[in-house]
Amino acid sequence: MTEPSKQPHHGVPEHQPAAGGIAARARAAAGGPQYLSGLNPEQREAVETLDGPVLVLAGAGTGKTRVLTTRIAHILSQGRARPYEILSVTFTNKAAREMKVRLGQMLGQAVEGMPWLGTFHSIGGRILRAHAELVQLKSNFTVLDVDDQVRLLKQLLQAENIDDKRWPARMLAGLIDSWKNRGLTPSQVPAAEAASFGNGKGGKIYATYQERLKILNAADFGDLLLENIRLFRENPDVLRQYQNRFKFILVDEYQDTNVAQYLWLRLLSQAPTRPGRALSDVIPGRLDPPVIPGHAEGMNPESRGEEDSAPDSGSALSAHPAITENAATAPPKNICCVGDDDQSIYGWRGAEVDNILRFEHDFPGAKVIRLERNYRSTGHILAAASHLIAHNEGRLGKTLRTEDVDGEKVTVTGSWDSEEEARAIGEEIEELQRAGENLNDVAILVRASFQMREFEDRFVTLGLPYRVIGGPRFYERAEIRDALAYLRTINSPADDLAFERIVNVPKRGLGDATVQMLHDHARKRRIPLFEAARAVVETDELKPKARGSLRDLVAQFDRWRAQSEVTTHTELAEIVLDESGYTEMWQKDRSADAAGRLENLKELVRSMEEFENLQGFLEHISLVMDRDGDAGDEAVSLMTLHSAKGLEFDNVFLPGWEEGLFPSQRTLDEQGRAGLEEERRLAHVGLTRARRRAKIYFATNRRIHGTWSTTIPSRFLDELPAHNVEITESKGGSGWGGTGGYGASRFDNLESFGSSYATPGWQRAQANRNRGGGGFEERQSAFSGSRSDASSGGFGRNKRGPMVIEGELVAKSTGTVSEFSLDDRVFHQKFGYGHVVKIDGNKLTIAFEKAGEKKVVDSFVERV
């Protein structure tokens with residue numbers, strides 16, 4: 001509710017200095033405010049245009065954050081509103097904090113009185129808590145995180161007898177989140193979408209889930225806006241209260257808003273409704289397609305196609321046919337949206353670029369101000385980025401310019417394969433470093449996370465420090481650590497940390513109690529966890545189901561260890577990931593990042609090819625993982641293009657500009673022309689991250705989905721202006737010619753690798769490949785037979801000698817004489833009292849008084 005001290009006093013009109021009066025003349029004599037100094041004419045216009053709707057089209061590097069904060073300062077200094085009468089929404093807490101800091105520097109303590117400056121969800125949550133009872137919640141409701149949300153959905157799936165392996169709860173959580181991002185309540189979800197999950201029960205579970213949240217006095221992240229929209233629609237008096245309160249509304253990154261955020265803003269941005277007036281008259285409609293300059297009003301460009309230009313039948317906008325153009329009869333409030341339609345790159349998570357494209361349609365009479373002067377990049381970079389993005393049809397149009405020098409041209413470099421690409425970029429970075437460049441000013445922006453692996457390996461070889469922005473480094477990703485844990489356990493059964501990590505991954509019914517039992521036994525017998533498992537499965541300590549699962553796992557590792565003697569380590573890795581069920585686990589996972597995890601696993605297997613054996617590969621990984629520099633140290637930044645939004649660097653490398661990778665084939669298949677335009681916007685974002693140098697690379701051969709294939713350079717390369725681009729030759733060496741399984745091999749020219757590859761292991765790998773084979777053929781010829789010969793016991797000389805510690809451990813676990821004797825009376829914590837009837841090493845068969853005859857390990861019983 002409105003605080004009493006802040007209730008508007010309708011009987012006393014608000015005072016504004018009269019034009020030409022004493023107050024106005026005195027204010028003018030004081031001179032212009034300091035915060036306006038340094039603004040260019042377009043920025044100043046955006047700051048000083050306070051009345052009516054304003055759209056500020058702010059290109060990359062044009063100072064949009066400064067415009068937004070200065071506009072707030074101007075509103076306050078001109079006395080147009082009090083701090084608590086300004087609603088200013090951002091997308092991230094970081095952006096909100098930055099705005100508060102800048103305002104504090106401009107206005108001192110005024111920022112402390114701005115309670116409505118924050119993210120969409122933080123402000124939505126605050127409104128919801130003030131009126132929780134109106135949406136069947138209490139003011140102390142809990143906001144569930146994703147894990148809690150998934151746990152609740154699992155309970156509902158079980159209640160509906162739906163197999164959560166076929167229909168994962170995490171997939172349903174993502175589906176519900178997408179519905180909420182589109183402003184859809186359970187009754188508004190299109191029937192086809194509601195039936196797409198859980199054998200047609202998706203919509204029903206969504207409704208049950210919302211009911212369950214109310215019982216638990218909880219809301220999820222999507223509810224913070226969805227319930228706000230419901231609150232405003234069902235309670236016009238509450239909406240009127242906030243419409244009266246907010247005299248100015250400011251929105252940052254408007255191009256990234258989704259439908260729910262759009263609806264929430266549009267409700268608040270209308271003039272207060274008269275009591276009794278239907279909300280359908282003031283909620284704007286979007287049944288018409290966006291009006292794009294250069295085309296007939298109300299018509300989409302022909303190239304967008306019928307499918308793209310059709311109204312969205314799956315959002316709250318079309319779920320309310322009563323939402324019409326009658327909103328135009330109510331004058332809009334003073335709303336200012338700042339954004340860049342050319343940087344709308346988050347469509348995959350619900351962002352609607354049409355929100356910004358149709359701003360003038362939603363707010364008749366809106367003023368559009370274009371900020372086109374770039375303060376970041378040089379002339380050639382801006383010209384290339386502007387020429388590229390001009391190929392998009394769905395944009396409002398602007399051309400970035402600079403008053404800086406033209407600088408270096410954008411370079412485009414082709415390489416033979418992705419490894420040569422990594423080598424060339426590594427050498428260029430070393431050249432920049434020798435020339436005095438700070439590594440903090442160097443970034444590599446990739447389209448997909450799996451591309452990072454090759455760069456990480458190359459940087460370790462060169463000794464170049466690096467940091468991964470927006471996610472873990474390649475070998476620190478959960479799926480990679482899991483796969484490595486399997487391989488480490490095969491290589492060294494005594495690696496307890498590795499075995500414990502994957503003993504129940506994927507789920508095998510081996511919970512914490514089982515692992516604790518294995519630890520207890522391992523400590524008492526002073527043996528590794530794996531050997532403790534081998535011993536325990538021969539007893540009755542575990543329940544039959546858990547014992548069976550653990551026995552199967554031990555047998556699998558024994559089989560994989562035997563196969564490692566006769567199989568290449570790359571093939572072994574594929575076998576392990578398949579037979580363990582790990583690959584299948586991610587194939588069944590319907591979450592958004594599951595496909596990326598599978599790609600990372602394929603990249604891991606591919607990375608093993610460079611090493612002679614599994615031991616050498618694991619040693620290399622230990623070197624990679626042991627490179628933790630201080631946060632303040634110089635380091636190359638490695639990230640995806642999506643993570644680079646809002647960042648800038650002197651030197652930007654853009655590898656992987658190939659068809660299928662960039663633009664992404666998956667995006668093109670799923671979204672058609674709209675997807676292509678978003679990919680082009682992503683390329684534009686990548687180029688405009690560069691201040692002085694932008695360097696594009698593509699590879700002729702790249703391994704995708706586990707197989708090498710010849711790639712086609714990205715169509716975006718032909719969309720760059722020739723005048724601003726320079727073609728350069730790769731500095732990573734060349735591998736032209738030769739005969740390989742997929743074309744010319746990178747191993748054909750040893751000199752291209754440099755001295756850092758002159759290790760004995762690398763030379764052996766080089767020699768093996770030049771003979772047309774590899775490590776596998778070499779080992780196979782040693783025992784002059786097929787794998788069947790080896791499997792039948794003919795390992796002979798090629799079998800690796802056993803590690804001494806393993807031999808000692810095996811001997812200790814199997815040959816130890818028990819301290820117990822026949823007929824000893826003993827006590828077991830689980831089975832009670834009994835006496836020993838048989839002894840086999842450290843395994844005892846005991847006839848228990850109540851549990852009957854059981855086989856246990858002697859470390860679990862006490863003599864009485």
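## Conventions and overall composition

Helices (H or I, at least four residues) and strands (E, at least two) are DSSP runs, numbered from the N terminus. The structure is a predicted model, in which local features need pLDDT of at least 70 and side-chain atom pairs count only at pLDDT 80 or more, while totals for chains, interfaces and linings use all residues. Residues are numbered from 1 along each chain as its sequence is written, and side-chain values use heavy atoms, with hydrogens and water left out.

On these terms the protein has 33 helices and 21 strands. Of its 864 residues, 53% are buried, where buried means under 20% relative accessible area, exposed means over 50%, and partly exposed lies in between (1.4 Å probe, protein chains only). Among the contacts (heavy atoms within 4.5 Å) in the protein that have a separation of 6 or more, 75% are between residues 24 or more positions apart.

## The six-stranded sheet

Six strands form an open sheet in the order β3-β2-β6-β7-β1-β8, and the pairing is parallel; two strands are taken to pair if DSSP finds at least two bridges between them. At the edges are β3 (117-119) and β8 (367-371), each of which pairs on one side only. Neighbouring strands of this sheet are turned against each other by 15° on average, with direction ignored; the axes are lines fitted to C-alpha atoms, for helices over the stretch in contact, and angles run from 0 to 180 degrees between N-to-C directions.

Within the sheet, strand β2 (residues 86-90) runs parallel to strand β6 (residues 248-251), and four bridges join them, with isoleucine 86 standing opposite phenylalanine 248 in β6. Helix α5 (residues 120-130) packs on the sheet and touches β2, β3 and β6, its direction making about 105° with that of β3. Helix α4 (residues 93-107), for its part, lies across β2 and β3 and runs at about 165° to β3.

## Strand β14 and its partners

Strand β14 (residues 690-704) is mostly covered, eleven of its 15 residues being buried. In the parallel sense, β14 pairs over six bridges with strand β9 (residues 410-417), where serine 415 stands opposite alanine 699 in β14. Also parallel is the pairing of β14 with strand β13 (residues 649-654), which has five bridges; here phenylalanine 653 stands opposite lysine 695 in β14. With β15, by contrast, β14 pairs in the antiparallel sense over four bridges, and asparagine 701 stands opposite threonine 710 in β15.

Threonine 711 is found in the loop between β15 (707-710) and α29 (715-718), and it counts as buried because its relative accessibility is 12%. Leaving aside neighbours within four places in sequence, threonine 711 is in contact with Glu658, Ala699, Thr700, Asn701 and Arg702. A polar atom of the side chain of threonine 711 lies 2.4 Å from the backbone oxygen of alanine 699. A polar contact is a pair of N or O atoms within 3.5 Å; within protein, one must be able to donate a hydrogen and the other to accept it, and residues adjacent in sequence count only if both atoms are side-chain atoms.

Aspartate 417 caps the N-terminal end of α17, with a side-chain oxygen 3.3 Å from the backbone nitrogen of glutamate 419. The 17 residues of helix α17 (residues 418-434) should span 24 Å at 1.5 Å a residue, and the end C-alpha atoms are 24 Å apart, which agrees; the expected span is 1.5 Å times one less than the number of residues. This helix is mostly covered, since twelve of its 17 residues are buried, including Ala422, Ile425, Ile429 and Leu432 as well as Glu419, Glu420, Glu421 and Arg423. Just after α17, glycine 436 takes a positive phi of about 100°.

In helix α24 (residues 569-579) the buried residues are His569, Thr570, Leu572, Ala573, Ile575, Val576 and Leu577. Just after α24, glycine 581 takes a positive phi of about 85°.

The structure holds zero disulfides, a disulfide being a pair of cysteine sulfur atoms within 2.5 Å. For cysteine 337, the closest cysteine sulfur is that of cysteine 336, at 6.8 Å, which is too far for a bond. Cysteine 336 is buried, with a relative accessible area of 1%, and cysteine 337 is buried as well, with a relative accessible area of 0%.
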